[in-house]
Amino acid sequence: MRNFILSRVGAMIVILIALIAVMFVLQHISPMDPVKAQLGANASAEAVAARRHTLGLDQPLVNQFWNYLTGAVHGNLGTSFRTRHPVSSDLGDFFPATLELAMYGLGLALILAGVLRAVLFTGAAAPMFLLGILGLIVFYQKLGWVPANGRISVPNPTTGPTGMLTVDGLLAGRLDVVTDALHHLILPAVVIALGPAVAIGRVLRSSLLTDADSDYARTARAKGLSEGRIMLGHVLRNSVGGALSMTGLQVGLMFSGVLVVEQVFGWPGIGQYIAQSIPVADFPAIAGVTLMLGVLYVAINTAVDLLQAAADPRITVGGG
């Protein structure tokens, strides 16, 4: 098990270094000069040269890459051309909203994975932006059940340690903030949950049906074990590996889907942040979001591999 963990963590580190290297190369071939973007097009040659020296951009490429790599490891992702703030600070402001939406979307996906299969299959076939628009037309414009956009409508909502309104509202005892935040979360969370719910439910159901008819399940029935005990003690444990793997994949994909959904619902997360950064070629902001999503995707799938190994020790013996 130890060697399995070390191999998975080692692979994760290699992938992340490769991702950082790609961002470094893209930054250097980008036509946008980071120094002139910070100082302005009318900056003097002396000011540009001094700033370039301060940023280390006059050093050999190997040194520049090392500085970029170590900076990324320590959370230094550069300064946004648009906001003039450190990208890590901007992400700290915008990411909690995205994380909260993704967490509720994943929770709904896991709940819906076993129910309403026909409805889910129909919904999952449509693009997320189309589902969002249809949801607004039906549930906001026609029925008035949900708000149209934004994250909160309560004046002076609480601010807390997590940046997630439902959690910070609970910590502060502000039930009005919690209920209003949940009201705003309902529709966008359902939209991003439909696709993952279908994928996870399909894999889990297929595994359960296969294992429920396996030799060990029939042997357990012959011994007089109840169906519930067989399902919980034997079938579910052997079936959970495929569902875990699919969940890890869907969580990673869910964050990319959230970026689209945030545009439809005016959600103030990293989707809005990167959408405002792309038109002005704010490369540090774009690279910062890309690196953060890459870290999340790789870390989540590494964690899923370790959970699968814990659920089925045969994975470590067979090498994964």
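In this predicted model, the largest nonpolar core holds 46 residues, and the members that touch the most others are Tyr68, Leu91, Leu101, Phe255, Ile270 and Val289. A nonpolar core here is a set of buried Ala, Val, Leu, Ile, Met, Phe, Trp, Tyr and Cys residues joined through side-chain atoms within 4.5 Å. Buried means under 20% relative accessible area, exposed means over 50%, and partly exposed covers what lies in between (1.4 Å probe, protein chains only). Two or more residues of this core come from each of helix 1, helix 4, helix 5 (87–112), helix 7 (128–142), helix 9 (175–212), helix 11 (227–265), helix 12 (270–277) and helix 13. As for Leu91, leaving aside residues up to four places away in sequence, it touches Leu77, Pro96, Ile270, Tyr273, Gly288, Val289 and Met292; contact means heavy atoms within 4.5 Å.

A word on the ground rules: residues are numbered from 1 along each chain as its sequence is written, and side-chain values use heavy atoms, with hydrogens and water left out. The model is predicted, so local features need pLDDT of at least 70 and side-chain atom pairs count only at pLDDT 80 or more, while totals for chains, interfaces and linings use all residues.

Stepping back to the whole chain, there are 14 helices and zero strands. These labels are DSSP runs numbered from the N terminus (helices are H or I, at least four residues; strands are E, at least two). Of the 320 residues in the chain, 37% are buried. Take the contacts between residues at least 6 apart in sequence: 71% of them join residues at least 24 apart. The chain exposes about 17,000 Å², with 67% of that supplied by carbon and sulfur atoms; the areas come from the Shrake-Rupley method with a 1.4 Å probe, and for residues only the protein chains shown count as cover.

On a 1 Å grid over the protein atoms alone, a cavity is a set of points where a 1.4 Å probe fits but cannot get out, whereas a pocket is an open set with protein on both sides within 12 Å along at least five of seven lines; lining residues have an atom within 4 Å of a point. Grid points are joined across faces, edges and corners, and a volume is the space filled by probe spheres set on the points.

The largest pocket has a volume of about 520 Å³. Its lining has 24 residues, with Gln27, Leu55, Tyr68, Leu77 and Gly78 nearest the centre. Helix 4 brings the largest share of this lining, six residues. By class, the pocket lining has 11 nonpolar, 12 polar and one charged residues. Nonpolar takes in Ala, Val, Leu, Ile, Met, Phe, Trp, Tyr, Cys and Pro, charged takes in Asp, Glu, Lys and Arg, and the others, Gly among them, are polar.

Two cavities of 30 Å³ or more turn up in the whole structure. The largest cavity, about 50 Å³, is lined by Gln27, Ser30, Met32, Pro34, Phe81, Phe283 and Pro284. The second largest cavity, about 30 Å³, has a lining of Pro147, Ala148, Asn149, Gly150, His184, Pro188 and Phe265.

Finally, there is the backbone. Arg84, a residue other than glycine, has a positive phi near 65 degrees. Arg84 sits in the loop between helix 4 and helix 5, and is partly exposed at 47% relative accessible area.
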